[in-house]
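Trainee: I would like to learn how to read a protein structure. Can we go through one together?
Mentor: Gladly. Have a look at it first.

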Amino acid sequence: MRKIFIALSFAALAFVASAKEAAPESADPALEARVQAVASELRCLVCQNQTIADSHAELAVDLRNQVRDMLRRGDSERQIVDYMTARYGDFVRYRPPVKSTTMLLWFGPGVLLAGGVATLLLVLRRRSRMAPENFDPDEADPAERPPSTP
Amino acid sequence: MKKWQFLAPLGLFVVLLGFLTVGLNLNPREVPSPLIGKPAPAFALPRLDEPGQTIRREDLLGKVWMLNVWASWCVACREEHPILVEYSRKRAVPIYGLNYKDTRPAAMDWLARFGNPYDASLSDTAGMVGIDFGVYGVPETFIIDKQGVIRMKHIGPVTPEVLRDRIEPLLKQLNA
């Protein structure tokens, strides 16, 4: 149950787009671009609706520095995401992995949509085959009727 | 069958109500830690009171212990502190502090003022050990078993209820 709710909150948070990013902190623009790219994939756990690229929370600054150090060391982006996931769980990832606990999150909306469309089609088809006497005759809107005079 | 169809919206409402009841009672700040059941990360940090002395993860193997992440700048820690001081008198479990992103003078002053429940505090000035432990909201409390495996994590201030309902039963089980 709890996992489902965390999964659902992922879905909600995914819509929160980022506007302004925190200022870069080293002179190498190529490295900074990579730091920003990785950091914008990671959720800041202090202010959960922000990525660590956007956030000014102290932990986010530390984690950005960690990302920068790891990139300097030559670690891949994959390794950095794994490093963060090992410590903070899948919740740090803005794009959660597809696995058994996140199936509902990934495919739930599609299943709901398909179910809704199927129900609608079924109802419409059944109605189109009904005889006309199953429906009430058209009636004038009471509001449009002239008021009765006493 | 057809007679009861009007109850369908009520049924849907009850299901929705169930989801809301559970969902609104969950604390979104409590993110389940992936570290539960895993060996505690390695660390080697200077003692707060004696910076010349280093405490390592290996030094604490063989006993069940509590790791409490705290800082003098942390407001919720002050709320939790008297409860830990009181609990430490029972000597139920060795309590180690992880003094997270703090300065030594401020931390020493804080302990002198509010009491020291810790067998020892470790200075994590840079916050790197905090990151290894997945710390994101101070105070946090971990229970680590004799093999050095993290068995429990509590986020936010420890309350008497948490001690009674979660920590004490776990300690009993781990020390058995």
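Trainee: Is L59(A) buried or exposed?
Mentor: First, some ground rules. This is a predicted model, where local features need pLDDT of at least 70, side-chain atom pairs count only at pLDDT 80 or more, and totals for chains, interfaces and linings use all residues. Residues are numbered from 1 along each chain as its sequence is written, chains are lettered from A and ligands numbered from 1 in the order in which they are written, and side-chain values use heavy atoms, with hydrogens and water left out. Now the terms: buried means under 20% relative accessible area, exposed over 50%, and partly exposed in between, with a 1.4 Å probe and protein chains only. L59(A) has a relative accessible area of 6%, so L59(A) is buried.

Trainee: Which residues is L59(A) in contact with, beyond its neighbours within four places in sequence?
Mentor: Contact means heavy atoms within 4.5 Å. Within chain A, the partners of L59(A) are V46(A) and Y88(A). From chain B come Y100(B), I131(B), V135(B) and Y136(B).

Trainee: In which helix does L59(A) lie?
Mentor: Helices (H or I, at least four residues) and strands (E, at least two) are DSSP runs, numbered from the N terminus. L59(A) belongs to helix α3 of chain A, residues 58-72. Chain A has five helices and zero strands. Of the 150 residues in chain A, 33% are buried.

Trainee: How do I read the interface of chain A and chain B?
Mentor: The size of an interface is often given as the accessible area lost when the parts come together. That buried area uses a 1.4 Å probe and is summed over both parts. Here chain A and chain B bury about 1800 Å² between them. Carbon and sulfur atoms hold 61% of that area. Chain A brings 19 residues to the contact, and chain B brings 21 residues.

Trainee: How many salt bridges does the rule find across the interface?
Mentor: The rule asks for a side-chain nitrogen of Lys or Arg within 4 Å of a carboxyl oxygen of Asp or Glu. It finds three between chain A and chain B. One salt bridge joins K101(B) to E58(A), at 3.5 Å from N to O.

Trainee: What is the strand order of the open sheet in chain B?
Mentor: Two strands pair if DSSP finds at least two bridges between them. This sheet of five strands reads β5-β4-β3-β6-β7 (chain B), with mixed pairing. The edge strands, β5 (120-124) and β7 (150-155) of chain B, each pair on one side only. Strand β3(B) runs parallel to β4(B), with five bridges. There, L67(B) stands opposite Y96(B). Strand β3(B) also has five bridges to β6(B), but these two run antiparallel. In that pair, V69(B) has E140(B) as its bridge partner. Strands β6(B) and β7(B) are antiparallel too, with five bridges.

Trainee: Which residues of β3(B) are buried on each side?
Mentor: In a regular strand the side chains alternate between the two faces of the sheet. On one side of β3(B) sit W65(B), L67(B) and V69(B). On the other are M66(B), N68(B) and W70(B). They are all buried, and both faces of β3(B) are covered.

Technical notes
Buried area is the accessible area (1.4 Å probe) that two parts lose on being put together, summed over both.
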